[in-house]
Amino acid sequence: LNVNGRNQARRFFEAYQQTPYKRIYTSELKRAVQSVESFIQSGIPHTALSAFNEINWGIMEGRNGNQDSSMLYAQMINQWSSGALDTAVEGGETPLDMYRRQTEGLRQVMQAKDEEHILICMHGRALRSFLCLLTGTPLNEMEKWQHSNLCLYALEFNGKTFDVVYGNDTRHLEDRK
């Protein structure tokens, strides 16, 4: 995380440290773990799952954004929204592939015992897909799920799927006067 990301992580921790989380799940990516590191250091058990990793962007991985990459990104989003969920950037992962691995990750989480309150930290595209999985939203509608860095989505299990209590909450990041 850069300086801004560390500040956001600190503010997230300050806002939610009293929440009785029983376990933390993250992607295996370093910045996801760093984002909730204060919770982990406070003694809450942590599990990193590759199932929660961000989508593989293939030839675009690790590159700085430019006009060409922005156009490619927009094309992918349009294709996915149109239902072409088996389409990927060259060398990358399709939304269906990501959704399948997230389904396995969710299965692992749901099998855990006595974990009523859990914290899951993952990245943007993965979060959109995961919210579709949790709520039963068609995957081609993943763009409806807005997100910001270190936002909070609170969900409750209704016995079949999850209901969103509130989403993309960033009040903890607002300037304090």
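Reply: The side chains of Asp97 and Arg100 meet in a salt bridge, with 3.2 Å from N to O. The term salt bridge stands for a side-chain nitrogen of Lys or Arg within 4 Å of a carboxyl oxygen of Asp or Glu. The model is a predicted one, in which local features need pLDDT of at least 70 and side-chain atom pairs count only at pLDDT 80 or more, while totals for chains, interfaces and linings use all residues. Residues are numbered from 1 along each chain as its sequence is written, and side-chain values use heavy atoms, with hydrogens and water left out.

Asp97 and Arg100 both belong to helix 5 (residues 95–111), where they are three residues apart, about one turn of the helix. Helices (H or I, at least four residues) and strands (E, at least two) are DSSP runs numbered from the N terminus. Asp97 is partly exposed at 35% relative accessibility, and Arg100 is exposed, with a relative accessible area of 53%.

Arg107 is partly exposed at 38% relative accessibility, and Glu104 is partly exposed at 32%. A further salt bridge joins Glu93 to Arg101, with the closest N and O atoms 2.8 Å apart. Glu93 is buried, its relative accessible area being 15%. The structure holds seven salt bridges.

Salt bridges also link Arg125, Arg128 and Glu143 in a network. Arg128 is placed in helix 6 (residues 124–135) and is buried, with a relative accessible area of 9%. Leaving aside residues up to four places away in sequence, Arg128 touches Met142, Glu143, Trp145, Gln146 and His147; such a contact means heavy atoms within 4.5 Å.

The next part to consider is the pairing of strands. Two strands pair if DSSP finds at least two bridges between them. Strand 4 (residues 152–157) and strand 5 (residues 162–169) run antiparallel and are joined by five bridges. Four residues lie between the strands of this hairpin, and Gly159 takes a positive phi near 100 degrees there. Leu155, in strand 4, stands opposite Val164 in strand 5. Leu155 is partly exposed, with a relative accessible area of 26%. Apart from residues up to four places away in sequence, its contacts are Leu131, Leu134, Thr135, Phe162, Asp163, Val164 and Val165. Asn64, by contrast, is 91 residues from Leu155 in sequence and 34 Å from it in space, C-alpha to C-alpha.

Another pairing joins strand 1 (residues 23–26) to strand 3 by four bridges, and these two strands run parallel. Ile24 stands opposite Leu119 in strand 3. The covered face of strand 3 holds Leu119 and Cys121, whereas Ile118 and Ile120 form the uncovered one.

Strand 3 and strand 4 are among the elements that each supply at least two residues of the lining of the largest pocket. A pocket is an open set of points on a 1 Å grid over the protein atoms alone, where a 1.4 Å probe fits, with protein on both sides within 12 Å along at least five of seven lines; lining residues have an atom within 4 Å of a point. Of the 45 lining residues, Leu119, Ile120, Cys121, Leu152 and Tyr153 lie nearest the centre of the largest pocket. Strand 4 gives the largest share of this lining, six residues.

A disulfide is a covalent bond between the sulfur atoms of two cysteines; here the term is applied to a pair of cysteine sulfur atoms within 2.5 Å. By this rule there are zero disulfides. The closest cysteine sulfur to that of Cys121 belongs to Cys151 and is 9.5 Å away, so the two are too far apart for a bond. Both cysteines are buried: Cys121 has a relative accessible area of 12%, and Cys151 has one of 14%.

Notes:
Buried means under 20% relative accessible area, exposed over 50%, partly exposed in between (1.4 Å probe, protein chains only).
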